[in-house]
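Hi,

Here is the structure I promised to pass on. Have a look, and my notes follow below.

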Amino acid sequence: MRLALAEAEAALTTDDVPVGAVVLDPDGALIGGGHNLREATGDPTGHAEVAALREAAATRGKWRLDGCTLVVTLEPCTMCAGALVLARVERLVFGAWDEKAGAVGSLWDVVRDRRLNHRPEVVSGVLADEAAALLEGFFAERR
């Protein structure tokens, strides 16, 4: 989670919401990372999870991320939850809950939907206070 938090801080340089994500292979090695880039790129899919999943797939040379863990500072939205399910990520670890857009238990629970053919293990609340403080500070400056 510390690596994901460092990625989140990198988003601040482009005035993006500070969310960071990393992907670890089955041995725990870092194979992908990213932070929010929507403002920097003008891309609505420029979420931290998407960037990290893309880099991990490029590193592995395939789209299937079996055995991998996605670590992200904020509960994924519906797009990102769907992407990690489709990438066959084995485990999702996240920090802060997202009461407004979360799709791993807050508003929806995409990753545990029994109608889908893949359901990753979920570990929530890891360094949640630190992740939430980064987000709260970002939004407090803009109000």
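Let me start with H47, which is buried at a relative accessible area of 15% (buried means under 20%, exposed over 50%, partly exposed in between, with a 1.4 Å probe and protein chains only). H47 sits in the loop between α2 (38-41) and α3; helices (H or I, at least four residues) and strands (E, at least two) are DSSP runs numbered from the N terminus. Leaving out residues up to four places away in sequence, H47 touches H35, N36, R38, C77, M79 and C80, where contact means heavy atoms within 4.5 Å.

Some background: this is a predicted model, with local features needing pLDDT of at least 70, side-chain atom pairs counted only at pLDDT 80 or more, and totals for chains, interfaces and linings using all residues. Numbering runs from 1 along each chain as its sequence is written, and side-chain values use heavy atoms, with hydrogens and water left out.

The chain averages a pLDDT (the predictor's confidence in each residue, from 0 to 100) of 97, and 100% of the residues score at least 70.

Now the core. The largest nonpolar one (buried Ala, Val, Leu, Ile, Met, Phe, Trp, Tyr and Cys joined through side-chain atoms within 4.5 Å) has 36 residues, and V23, L70 and L84 have the most contacts inside it. Elements giving two or more residues to this core include β1, β3 (69-74) and α4 (78-86). Not counting residues up to four places away in sequence, L70 touches V23 and L84 themselves, among others including A21, E49 and R91.

Cheers
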